[in-house]
Amino acid sequence: MKKEIPESYKPGVDRIEGMNEAALLAWLEAELREQTHILAGKTEDYPVQAIVSHHAYLSIAAQKRVGHALEALVLEWRRNVKDWPETAIRALLSLVAELRVEGAKSKLLPLVSARTAWDRIGALQPAVFRALATLSLNADRGFWSKVPNQHPEFAGMAFQVLTRISAEDALQLLSHLPDNDMAVGSVARKLPDFVSQFEPDQKADVLKHIAGAIAMLSEKSAAMLKLALPKAGFEITLPPSPQKRMKLFSQQIASSAKLVRRDNRSPLEYA
Amino acid sequence: MPFNTAKANLTTANQAALGSLLSVWAAGDNLTKQAATNLQNEHGSADRRLEDYLDKLAKNSPRLSATSPKSEFEQVGKSFTLAGHEATPFKGAILGRAMLLDNYARYLSPKLDAFGYRDTEEEIRATIRKMDNENEAAAPTYLEGYFRAIRETPLGKGAVFATFAKTVTAGQRPWPLPTPDANTIRSTIALGEDPEDQDYILFAYRLPNSVVPLVPTTASPGWFYQRWFRPNTNAAIDLHGWTAPLKSGLTPQPEIVHEEIPGATVFFPIHIATA
């Protein structure tokens with residue numbers, strides 16, 4: 001059952017309920033472009049917060065009409081990227097995500113997969129990924145697992161999404177995390193919450209897997225990730241990094257060689 | 001200058017037009033009724049600017065008599081939003097602002113994008129929550145960009161309302177400890193259009209030297225917040241406004257307005273009021 005509409009929201013809710021799809025489309029576009037604000041709120045609430053606040057009190061039919069109008073606006077933007085101010089598109093992407101406009105996902109995906117479209121949206125690339133992230137379900141795990149290869153700077157965001165929709169894939173992704181600050185930082189911010197979501201008897205295995213993945217990274221990245229866990233009360237012991245393993249192996253060879261013949265040297269020297 | 005004094009200085013025709021506008025508003029819904037009452041209690045302006053404002057309202061009274069005169073009201077009020085008495089005694093106060101955490105996260109995300117932070121909306125909100133009471137000096141490197149983004153993100157839009165502890169002493173923070181819950185914050189500082197049961201981020205900051213705090217006028221809160229705004233009829237003496245708490249038993253808090261500023265002067269740690 002819907003909560004009672006707050007008195008101050010009622011005029012706005014009634015106005016949206018009274019709009020057909022064409023009227024909704026025109027109004028939403030004007031709101032996004034900051035040309036009009038008809039809903040109750042303060043200046044900093046426009047346009048997204050005011051629309052989200054009122055949306056909860058709309059009938060299911062009106063919510064659907066709003067969703068369709070927002071999908072149409074995403075398509076319109078895709079067709080005419082240059083005609084829209086960046087702030088309007090940020091607001092549009094926030095709305096499709098927060099109002100869970102599922103249909104917008106298929107309209108945003110071509111922007112990520114086609115190189116020319118991707119380059120054209122420039123500064124809005126993270127906002128597009130963010131909207132897709134919020135709209136993603138378990139069925140999208142394949143898409144997010146491929147992101148580190150296709151868009152390495154979004155690998156950390158892919159990890160964040162996978163922790164919600166497919167924890168196993170999130171763990172797998174850690175094993176081939178690109179060694180860059182953006183990706184590693186995003187993983188570090190999410191890692192403690194991710195470990196917390198496992199049952200106590202699973203945590204040790206998860207931490208071991210994470211430790212193995214961290215050991216593959218550079219010292220700087222490994223330090224960043226290792227720091228994130230103790231802050232949340234988790235301890236990990238890192239296996240030696242590949243560089244350290246190679247050094248240990250060389251030392252072992254050197255001492256073994258001396259066992260065979262005292263004048264053996266490592267690395268071997270050839271006359 | 002009180003409303004009646006300013007009104008008496010208008011031409012006879014404009015006095016009549018203003019009177020007729022107030023009658024239309026007084027017969028309207030609770031919002032327009034309150035707007036009429038607020039205007040008649042206006043004491044926030046130090047000089048003839050109230051007179052000029054009333055003059056503009058009178059000249060635009062036909063358009064302002066429409067059912068929802070938001071854009072007309074705010075257009076006419078533009079020159080009066082930051083026209084209250086200077087709240088000079090509180091220039092050095094540590095000011096407080098509360099913003100819905102979800103809404104603030106939207107404001108922060110363009111800066112985070114620009115700094116190369118690639119987080120989901122859910123993670124941005126979660127990270128802001130983790131910054132509750134987190135000292136910047138002790139924060140791990142992967143949070144540095146969040147502190148920087150907060151400093152470079154505006155602390156509001158338009159006429160920015162802020163509260164403060166009226167007894168201005170060095171280091172006196174505007175928010176009580178322990179941090180009140182979100183619904184107490186919402187009610188105490190009269191954020192009536194915010195949905196209930198949502199977390200707030202609480203900022204404490206000082207104004208840059210070039211920015212003067214002002215008594216809020218009737219135009220400062222815009223149209224929809226007329227419902228929650230109450231002008232201080234003692235503004236000329238107090239040199240600040242008072243919030244009108246949404247629930248009984250809560251103490252009104254002093255408030256001022258100022259122009260938009262970036263978060264450069266925010267004091268960390270920030271605090272989160274949870275619902």
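**Entry 1. Glu34(A) and the loop between α2 and α3**

I looked up Glu34(A) and found this residue in the loop between α2 and α3 of chain A; helices here are DSSP runs of H or I with at least four residues, strands are runs of E with at least two, and both are numbered from the N terminus. The model is a predicted one, in which local features need pLDDT of at least 70, side-chain atom pairs count only at pLDDT 80 or more, and totals for chains, interfaces and linings use all residues. Residues are numbered from 1 along each chain as its sequence is written, while chains are lettered from A and ligands numbered from 1 in the order in which they are written.

I noted that Glu34(A), although not a glycine, has a positive phi of about 60°. Most residues other than glycine have a negative phi, and most peptide bonds are trans.

I recorded a cis peptide bond from Tyr46(A) to Pro47(A), with omega near -5°.

**Entry 2. Backbone exceptions in chain B**

I then turned to Ala190(B), which is found in the loop between α10 (182-188) and β3 of chain B. Ala190(B) is not a glycine, and its phi is positive, near 55°. I counted Ala190(B) as buried because 24 other C-beta atoms lie within 10 Å.

Which residues of chain B does a cis peptide bond join? Phe268(B) and Pro269(B) are joined in this way, and omega is about 5°. Pro269(B) is found in the loop between β5 (254-258) and β6 of chain B.

**Entry 3. Helix α8 of chain A**

I examined α8(A), residues 125-135, and found eight of its eleven residues buried, so this helix is largely enclosed by the rest of the structure. Among the buried residues of α8(A) I list Pro126(A), Phe129(A), Arg130(A) and Leu132(A). Against what do the buried residues of α8(A) pack? Within chain A they pack against α5 (86-98), α6 (104-113) and α10 (155-165), and within chain B against α7 (101-114) and α8 (121-130).

**Entry 4. The contact between the chains**

I found that the contact takes 40 residues from chain A and 31 residues from chain B. On the side of chain A that touches chain B, the helices that each supply at least two residues are α3 (48-55), α5, α8, α10, α12 (181-196) and α14 (219-231). α12(A) gives the most to this side, with seven residues. By class I recorded 17 nonpolar, twelve polar and eleven charged residues on that side of chain A. Nonpolar covers Ala, Val, Leu, Ile, Met, Phe, Trp, Tyr, Cys and Pro, charged covers Asp, Glu, Lys and Arg, and the others, Gly among them, are polar.

**Entry 5. The sheet of chain B**

I traced an open sheet of six strands in chain B, with antiparallel pairing and the order β4-β5-β2-β1-β3-β6; strands pair if DSSP finds at least two bridges between them. The edge strands are β4 (241-242) and β6 (271-273) of chain B, each of which pairs on one side only. β1(B), residues 95-100, pairs with β2(B), residues 160-164, in the antiparallel sense over two bridges. In this region I found Leu95(B) opposite Phe164(B) in β2(B).

**Entry 6. Overall form**

I counted 15 helices and zero strands in chain A, and eleven helices and six strands in chain B. The radius of gyration of chain A is 26 Å, whereas a compact globule of 271 residues would have one near 18 Å. Buried residues make up 36% of the 271 residues in chain A and 48% of the 275 residues in chain B.

How values were computed: A residue is buried if 20 or more other C-beta atoms lie within 10 Å of its own, exposed if 12 or fewer, and partly exposed in between; C-beta atoms are placed from the backbone. Two residues are in contact if their C-beta atoms, placed from the backbone, lie within 7 Å. The radius of gyration is taken over C-alpha atoms; the globule rule is 2.2 Å times the number of residues to the power 0.38.
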